[in-house]
Amino acid sequence: MADVAIVGAGQSVFSRDCGVSIRELAFDAFKEALEGLDITTSDIDASIICSAPEYDKQRSPAGLISEYLELTPKPSFYVETVCSSSSTGLRVAWSLVKSGLHKVVAVIGFQKMSELSSRDAAERMGRGADIIWESPFGLTMPAGYAMYARAHMDKYGTTEEHLAKVRVKNSHYGATNPKANYRKELSLEDILNSDMITTPLKKFDCCANADGASCVIVARGDVAKGITNIPIWVVGLVAATDTMTMAGRKQLTGLQCAQEAAKQAYKMAGVKPQDIDVAEVHDCFTVSEILAYEDLGFAKPGEGAGLIEDKETYVDGKIPVNVDGGLLSKGHPIGATGGSQIRTIVRQLRGQATESQVKGAEIGLVHNIGGIGQYGNVTILRR
Amino acid sequence: MGFENFGTVSFTTEAKAAEFITYLEQGKVMATRCPKCGVSYFPPKADCPSCLSGEVEWFEVKGKGKLATYTIVNYGPSGFENDAPYILALGEFEGGIQIMSRLSKDIAPSDIKAGMSLVVSSLKRPDGRISYEFKKG
Ligand SMILES: [Zn+2]
């Protein structure tokens, strides 16, 4: 069967309040994804539109976005796994190409979170838990991750300072990313002294809601070579799930959906954690990045804090992680996030990550999590 | 009776498992068990996907559990503003049952320790709504 490549990847600027419509956000991402490709809109055989519908005013956004981008009459449809919706979109696009149904597919993720107040957005997120059994207690995304943080600290001695050091790193790289919402460097003190949201997570341990869009163009291998000089090959692509309820979780010091997806993705790609040159992980909260280090095998269970302590996840470290600023700096427009992570890895593998290029990067990894660890997605890309 | 009066904000009402609420009104926090294959469920399920039976039995979650993890929530979402700060927690009980609930307001934050002994008990809130919470065991 044919190989599948990513030929283009783009994103809009992520911001707190974009002041434009979702179709216009999608256009910005689409435009950047097509830049430099020997392809036009009419060469795209299908589009997959990704968001978390609870934040959207527009119902059935696939029809709207495909009209605006002039992708009609080609098929367009919608997929959702909350924060990992666009990784799921990539998975579906890969399948459509691999099956021979289509040659070129666009995956467009978006979210315009500024249409809701911060408390209302938190309430919608809370309904991303089990609405009969757990949402009525006031479970929120940060609270769910905070419970993982507490368990990790109690079992392994991870500290609030370790968590803050993740933000110090990501704010350092975010400061030079022109697409990021938050472009200021933060000191350890700034982070440790910020308001407590849900213990032990403080304001600067949390990513911000944002508006934004991303676009990834996927093509059949032989076609890809005619579209771009540097196709980026999808060599591992795995999704896994865990329980919707916190009550159902068997492990509170790591995300089992990520562990499962990672294990299978390494096998599919025929690589090991130490072969990864650069990674994008789902740092919706600082603790999430430390859990990811361990779930992806970059550190042993319980030793994730050591990686950030030793600065091994900086650009010149053993395994650079989120050197575009991560969700913590870029902001987290739910449906757009996975595509933005993929864009960063594509730029790294093409040697085009001007702000923070990892020298000679050949193999990259994207870890994109939906909800409080309900949906785990690990994608491995190769130049 | 369904889930309309359960917790701070209930988002849905009808469920086969709504018998849970009848027991909760009587002061009991219940789980379900499939008599055919012996699997127990919390949150309760009215169906057993292991053997596809729809005839589960209810049993009370009794005895002492221990605190697995917790967080003090300072920022409540819409509908929960007046509850904050509140403490969400996971408690582990006998038979592999894990429950997410809140810690009782009787427990001072400074007394909270991982592994501390807990019991789960029904709660009638001052506003007339019902729930369950963890108390010191
Ligand atoms: Zn059964």
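Sheet and zinc site

Tutor: Val278(A) stands opposite Gly364(A), a residue of E10(A). Keep in mind that this is a predicted model.

Student: In which sense do E9(A) and strand E10 of chain A pair?

Tutor: Parallel, over three bridges. E10 covers residues 363-370 of chain A.

Student: And what order do the nine strands of the open sheet in chain A take?

Tutor: The order is E3-E2-E4-E7-E1-E8-E11-E10-E9. The pairing is mixed. Strand E3 (76-79) and strand E9 (278-280) of chain A are the edges, each pairing on one side only. From one strand to the next, the twist averages 25°.

Student: Where does helix H3 of chain A lie?

Tutor: Helix H3 (residues 85-98) lies across several strands of chain A, including strand E1 (4-11), strand E2 (46-50) and strand E4 (104-112). Helix H3 runs at about 165° to E4(A).

Student: Switching to the metal. Which protein donors does the zinc ion have?

Tutor: Cys34(B), Cys37(B), Cys48(B) and Cys51(B), each through SG. They lie 2.3 Å from the zinc ion.

Student: What spacing do the donors follow along the chain?

Tutor: C-x2-C-x10-C-x2-C.

Student: Why is the arrangement around the zinc ion called tetrahedral?

Tutor: Because the four donor atoms subtend angles of 102 to 125°. The test asks for all angles between 85 and 135 degrees.

Student: Is Cys48(B) buried or exposed?

Tutor: Buried, because its relative accessibility is 1%, and the cut-off is under 20%. Cys51(B) is partly exposed, with a relative accessible area of 31%.

Note on methods. Residues numbered from 1 in each chain as written. Chains lettered and ligands numbered in written order. Predicted model: local features only at pLDDT ≥ 70, side-chain atom pairs only at ≥ 80, totals over all residues. Heavy atoms only, no water. Donors = N, O, S within 2.8 Å, 3.2 Å for Na, K, Ca; no water. Tetrahedral: all angles 85-135°; square planar, octahedral: opposite > 155°, others 65-115°. Buried < 20%, exposed > 50% of the residue type's maximum accessible area, 1.4 Å probe, protein only. Pairing = 2+ DSSP bridges. Helix = DSSP H or I, 4+ residues; strand = E, 2+ residues; numbered from the N terminus. Axes fitted to C-alpha atoms, helices over the stretch in contact; angles between N-to-C directions. Contact = heavy atoms within 4.5 Å.
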